[in-house]
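Hi,

Here's the structure I said I'd pass on. Have a look, and my notes on the salt bridges follow below.

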Amino acid sequence: GAGFRSVDQATDPAAFIHFLETVSAMDAIQALKRRTFALLEVKPGQHLLDIGCGLGDEVRTLAQLVGSAGRVVGIDSSETMIVEARKRTIGENLPVQYAVGDIQALDFADNTFDGCRAERILGHVANPRQAIAELRRVAKSGARIVALDPELDTLVLDAEDHATTRKLLHFYCDSARNVWIARQFRRFFYEAHLLDVAVFADTMMFTSYAEADQIFRLQDTAKRAQEAGVVSEAERTAWLEELKQADQGGRFFAAMTFFFVSGRKP
């Protein structure tokens, strides 16, 4: 999570591209994305804003929905991501635009967009209230604003060593900037004076260690926790080995709940 706040300064920015490609290919993640599209109530001819657009996959999908009379703008804080998104759009003849930008200070006039979407971004920003206020500002009257983020504290993982599991999961959660952002969605949208605020939840379940490791970086989390003195080397090694053995025996289980919020500008 912290790494996505400084992709351009990373030793290997391509690793973040690979991560997004891997995660986005999962059926469960695709289902989450489709639900945000439905909540946006996309119509042909609309002008939409996608914040934290990453590789631009969702921008291109939305562009197909709004058609040639519409427009979709993708914003990301990373130049690396924007360059990659532009590359992937070449030759597709879609009504899209990409730009590096900050959700907390958007470079658009008031009342510009017919809908705004923010997927897994509000957990990373310094001031999520300001970010939501900016989305409200650039949205037209009647526009839908939709956000999606995981509630990190809902991460559960079946392991016999309860004490080590608790320490590692708490370490994982507390490494995030806004660990409780998803549970704050409803309050923040009401504070922004949005109408028809509704919150929905969807729980992703994993029975594969490999998939869970891709999403939650279990090995990396355990290593960082050991380096921070949260667990010992013996605890880390035994914990990971137990998870791998459970996976080999068809017993692995992990889950996390994602929250969606939708509101409408008056």
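**Salt bridge notes**

Asp220 comes out as partly exposed, at 31% relative accessibility (buried is under 20% relative accessible area, exposed is over 50%, and partly exposed is in between, with a 1.4 Å probe and protein chains only). Its partner is Arg224, and their side chains form a salt bridge at 3.1 Å, N to O (that is, a side-chain nitrogen of Lys or Arg within 4 Å of a carboxyl oxygen of Asp or Glu). Arg224 is partly exposed too, at 30%. Both sit in helix α9 (residues 218–227), four residues apart, about one turn of the helix; helices here are DSSP runs of H or I, at least four residues, numbered from the N terminus.

Some salt bridges share partners: Lys33, Asp50, Glu58, Arg117, Glu119 and Arg120 are joined that way into one network.

Before you read on: this is a predicted model, where local features need pLDDT of at least 70 and side-chain atom pairs count only at pLDDT 80 or more, while totals for chains, interfaces and linings use all residues. Residues are numbered from 1 along each chain as its sequence is written, and side-chain values use heavy atoms, leaving out hydrogens and water.

Across the whole structure, the search turns up 20 salt bridges. One of them pairs Arg88 with Glu21 at 2.4 Å, N to O. That pair ties together distant parts of the chain, with Arg88 in helix α4 (residues 79–89) and Glu21 in helix α1 (residues 14–24), 67 residues apart. Arg88 is partly exposed at 24%, and Glu21 is partly exposed at 36%.

Cheers

Key: Helix = DSSP H or I, 4+ residues; strand = E, 2+ residues; numbered from the N terminus.
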